[in-house]
Amino acid sequence: MPPKNWIWKKLPGITGRFNDIIYSSPISISPLNQDIFIYFGGDVQDLHKNMEQHADSKKYTEWSLENTAHILSTNFPNKHLLIIRPSRIHVTKNASFSCFDNFVPSNDYGVPSFCPTYNGLKHLQALVKSCLENIKTCNEDKGSIDFSSSNIKLSLMGFSKGCVVLNQFLQEFYYYNNKPDSDIEVTNFIKLIESMWWLDGGHGGSKDTWITNKHVLESFAKLKIEVHIQVTPYQVYDSYRPWIGEEENHFCNILLSLGVPVQRILHFADQKRSLELHFKVLNAIGSYNQ
């Protein structure tokens, strides 16, 4: 039996910021199981019912947020899964664009303008706190889960457009690392992050699809966070947007030069690049989730 999903509407983060959250409980529930997996999705991805109403999006309902929750729960069966729905989805006749305004400043189409003082990490910290209270209620019939900050481990995953949130966090890591009077609560929250996953990152802008600022990446390297990079030809071999592949290569090489153990995988290299294979990276990660 697949794990049950709960949809929590307008969960509060920091003052004035709210997000809808899809929660999927671990396949194996135990009070000791306190690992939390947080997912930020791409353009097109939304709640199933919303995707069905759009001429383009309905072709990709296999990767609706609910179905993605099922995919990720299967791939990471021992983790509490939180899928964070964008606070704004810009819908046009031909496409829909995920805009994570609560985490990173964005234009109408969700193209980011990174800002180290935007409080994306503080918002995530507050959202997680709200989620933990709800998780206890959802699983109370399976035993009490008393989340402890000393036991919680966080994994963060961005897919496609969702990678802009992870890139914003890199900017904020650098800011807090170099701030003399750093916020101790945020600093402690950062220490809970065990791994970060970049899946086929991309957005509509002409730069900063991947972060290549060496000072920012040097600061990130000090945190000893596991790095997973999984890409497809859809993004990194796009001849119309060559900077994506160039930046991804630079991002990976800088981290490796800094001694970061990067797991980097190119999927579907021998197949013609397509949007469908771009989405299928979500299924493909099942063999590489350790």
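Asn50 lies in helix H1, which spans residues 48–52. Helices here are DSSP runs of H or I with at least four residues, strands are runs of E with at least two, and both are numbered from the N terminus. At 25% relative accessibility, Asn50 counts as partly exposed; buried means under 20% relative accessible area, exposed means over 50%, and partly exposed lies in between, using a 1.4 Å probe and protein chains only. Thr61 sits eleven residues from Asn50 along the chain, and their C-alpha atoms are 9.5 Å apart.

## What kind of model this is

This is a predicted model, in which local features need pLDDT of at least 70 and side-chain atom pairs count only at pLDDT 80 or more, while totals for chains, interfaces and linings use all residues. Residues are numbered from 1 along each chain as its sequence is written, and side-chain values use heavy atoms, leaving out hydrogens and water.

The pLDDT, the predictor's confidence in each residue from 0 to 100, averages 92 over the protein chain, and 94% of the residues score at least 70.

## The overall fold

Nine helices and ten strands make up the protein chain. A compact globule of 290 residues would have a radius of gyration near 19 Å, and the chain agrees with 18 Å; this radius is taken over C-alpha atoms, and the globule rule is 2.2 Å times the number of residues to the power 0.38. Along the principal axes, the C-alpha atoms fill a box of roughly 50 × 50 × 35 Å.

Of the 290 residues, 54% count as buried. Contact means heavy atoms within 4.5 Å. Among contacts with a separation of 6 or more, 72% come from residues 24 or more positions apart.

## The sheet

Eight strands form an open sheet with mixed pairing, in the order E1-E2-E4-E3-E7-E8-E9-E10. At the edges stand E1 (5–12) and E10 (262–266), each with a single partner strand, so one side of each has no neighbour in the sheet. From one strand to the next, the twist averages 20°. Two strands pair if DSSP finds at least two bridges between them.

Follow E7 to meet both of its parallel partners. E3 and E7 pair over six bridges, with Tyr39 opposite Met157 in E7. Six bridges also join E7 to E8; here Met157 has Trp197 as its bridge partner, and Gly158 stands opposite Trp198. Six of the seven residues of E7 are buried, so this strand is largely enclosed by the rest of the structure.

## Helices around the sheet

H4 packs on the sheet, touching E3, E7 and E8, and its direction makes about 135° with that of E8. Such angles run from 0 to 180 degrees between N-to-C directions, with axes fitted to C-alpha atoms, for helices over the stretch in contact. The 15 residues of H4 (163–177) reach 21 Å from first C-alpha to last, close to the 21 Å expected at 1.5 Å a residue; the expected span is 1.5 Å times one less than the number of residues. Twelve of these 15 residues are buried, so H4 is largely enclosed by the rest of the structure. Among them are Cys163, Phe169 and Tyr176.

In helix H9 (residues 275–284), the buried residues are Leu277, His278, Phe279, Val281, Leu282 and Ala284. Their cover includes strands E3, E7, E8 and E9, along with helices H2 and H7.
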